[in-house]
Amino acid sequence: MNQREMSSVREEGKDRIIFVTKEDHEAPSSAELVEEDPNDPYEERGLILPSGEINWNCPCLGGMASGPCGTEFKEAFSCFHYSKEEVKGSECLEQFRAMQECMQRYPELYPQEDDEKPPQGQSSETDQTSQDSESAEMSVRAEQGSCAGMLGMSSLKDICSGLPLDPLPPNRGRDPSVPHAPTRTPDLTSEEERLALRNALRYFPPSHHATLAPEFAQELRQHGHIYMYRFCPTLRMRAYPIDQYPCRTRQAASIMLMIMNNLDPAVAQFPQELVTYGGNGQVFSNWAQFRLVMHYLSEMTEEQTLVMYSGHPMGLFPSLPSSPRAIITNGMVIPNYSSRDQYEKMFALGVSMYGQMTAGSYCYIGPQGIVHGTMLTVLNAGRRYLGSSDLRGRVLVTSGLGGMSGAQAKAAVIAGCIGVIAEVDEAPLRKRHEQGWLMEVTSSIEHCIKCIREAKRSKSPLSLGYHGNVVDLWERLLLEFERTGELLVDLGSDQTSLHNPFNGGYYPVQLSFRQANQLMSTDPNRFRTLVQESLRRQVKAINKLSEAGMFFWDYGNAFLLEAQRAGAEVEKVGGGATEFRYPSYVQHIMGDIFSLGFGPFRWVCTSGNPQDLTVTDDIAASVLEEICADVSDLIRQQYNDNIRWIKEAGKHKMVVGSQARILYSDQKGRISIALAINQAIADGRVSAPVVISRDHHDVSGTDSPFRETSNVYDGSAFCADMAVQNFVGDAFRGATWVSLHNGGGVGWGEVINGGFGLLLDGSDEAAKRASTMLNWDVSNGVARRCWSGNSNAYETIQRTMEENRQLRVTMPFPVQDERVLDRALQG
Ligand SMILES: NC(=O)c1ccc[n+]([C@@H]2O[C@H](COP(=O)([O-])OP(=O)(O)OC[C@H]3O[C@@H](n4cnc5c(N)ncnc54)[C@H](O)[C@@H]3O)[C@@H](O)[C@H]2O)c1
């Protein structure tokens, strides 16, 4: 073999020449990577490994250790880290220079901050030394715990210091390494475009308008929205521990922590578009709002309240120490103007936004939030439809591996069955696989069918991600049935984002993922037609498989509602306005849990320490066990399922983002857990305050006629008094922040939902707030459900009144003799 055929490295003067043969270049690398801990790598290992070595996998390095300049980066960083010089890192200038030179060769991957620097003298050779020492200084900051500094990233202090205006930060545009939201299609007139631009510029002094206006106009035309990418911080977004936020009150710091979690790229669906989940669940509308909010929160006292109008911080207004520190409303519009088209425009104008449920209320806890509910749903579906809790060898087919839907894979395995989940977008599929939530992935439908058969035979739990359109999967399952008579699916559902069907929530089967994304913005009408056709095909296959013995349910994503609008055969003969051919999971599968006061209670340990989470898990388990000894048969099953869940939750390593936990509990359980955790903080068993919250998908917080309130039959299913009352009532009973949203779950205009966050800091005051507020937060909805005629709610609220003499609820007298009505209405 002659020498030129081998890969080699040689030094020539100051140059290092790397020669790689075509074969070597094409062959997969055999380099050993440090094994990833899919569950929580950075919290547990950090930048420096216990061995003292640098952890090149630490996400705090922002991926710099890999990529085209990874080697140079590692050399510079190591040199600095191990430097013993008096001026630390002073011998590393060469390495830093090499790193910088490399980065300059890839400006798209490593945007140069200096591009936008004020004219401190033209960049020249003479500036090199100072740039190098700047790099070294950054590294010092890295050593001090903020490795973000090393990467030119900002710190928490920086992002809390308000809008950076002098100088403006460089416009780095969109980060190609993270997924981005589809182009929005607001269809603005030229006058509306001007208005959108004028609205965006309101955040900045006129001296910057000439610079920012063309940039914002381009964002509006290119992406259908002004996100203000320039102001997206370079700091790694994540739920830093509560002590690290500059603040005057820890209540505000807890809100900052929750905001940071909602924007963590490991958590958020489209982090740079400020979307946490569900395709359009915004935390804010643009990055200027994020910066202002962080600034306000860092400065607020306990006599101020931050007022949030659909992402826009109206400001800090004087209030009482007992008041919430933030009041958030998202998407509140005059009811007659709550159509989807109007939403698109209002969002583009920057005056309204879709906060989903826990995105715009800063209470998202990653897909774990829904794993638990999904696991219970799958278990209950098995009990109800298949007559057994033993789901081994049973197959669940569904779609979506996004923000919420991603939980389906994990839940299926915990429930012991075979979960097959179709996902058109490779990015979430890969993310769930890397996180360990999906056991296997395939883009071959043949292989998929083969895996289902094998798993059915071996009865081994499996979560299989099918990279493709769910309609193809349904049609293929039908074909298999028609060919062989073998029904390969027992349970079926869907969790595409059909609350947002024409803007990236649902991908039609006729197009590839890329083609769909293009058509969505170039020809929205054609796209809409294809979505509807695709939905009809999907329902057709589901109908036939259901006739053959499969059980299908609507999973709260407006699947049946949109299918009906598309003309698919989902009608329930003789059904009411909110009923379809298939049941909604809320009442049919979960059971009438909301009427019993059960709902998704959650908490977040603000220390960021997994040990605190373990302690709180143990506390919750013993609290539930104690209560369970004394509960009625009606709710014992709920308690038992939740005790089993909480005891195993740690083992399943579901934390993505903040150290959070969820379980379903009734009023008594929620209050008892909150008080026990508060006591543990007071005793020092839990090292820092804990935020308690819940999903909005709950007993009182949400009026949603196609989901949470779909079993309200007194004609009030389309009324929203309960959700509004809940929000107001939580606010003056002790919540640290409250929120009220239009949309969420089933879509804009279809639901009003609200929620809260409450900081437990171990004080008596926190205990009082938690117990008063949680009392209301559950009883409100139970009382309403009781009034609507629900017998479970009747019993529940009556029992609650017996336990709390201050609670007095107007109880209904049901009509016992229908003939009274018949006679009265005759003639
Ligand atoms: N059941 C519940 O308790 C509950 C809770 C929260 C949200 N939801 C609803 O569930 C839906 C999903 O929420 P999410 O946060 O996961 O949304 P998401 O947008 O993050 O994920 C949906 C996923 O479906 C994929 N998809 C779309 N069309 C597809 C197709 N035809 N075939 C295969 N994959 C397709 C998308 O690529 C996306 O990744 C939303 O409508 C949401 O409002 C339900």
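I took helices as DSSP runs of H or I with at least four residues and strands as runs of E with at least two, numbered from the N terminus. Buried means 20 or more other C-beta atoms within 10 Å of a residue's own, exposed 12 or fewer, and partly exposed in between, with C-beta atoms placed from the backbone.

The model is predicted: local features need pLDDT of at least 70, side-chain atom pairs count only at pLDDT 80 or more, and totals for chains, interfaces and linings use all residues. Residues are numbered from 1 along each chain as its sequence is written.

I listed the buried residues of α8 as Ala196, Leu197 and Ala200. They cover an arc of only 95 degrees around the axis, so they sit on the same side of α8; the arc is taken over directions from the helix axis to the C-beta atoms. Exposed Glu191 and Arg194 are on the face turned away from the buried side.

For the whole protein I noted 29 helices and 19 strands, and 50% of the 827 residues count as buried.

Next I checked the ligand. Of the 34 residues around it, Gly400, Gly402, Gly403, Ser405 and Gly556 come nearest; a residue is near if its C-beta atom, placed from the backbone, lies within 6 Å. Elements giving two or more residues to the shell around the ligand are α13 (368–386), β9 (418–423) and α17 (470–484).
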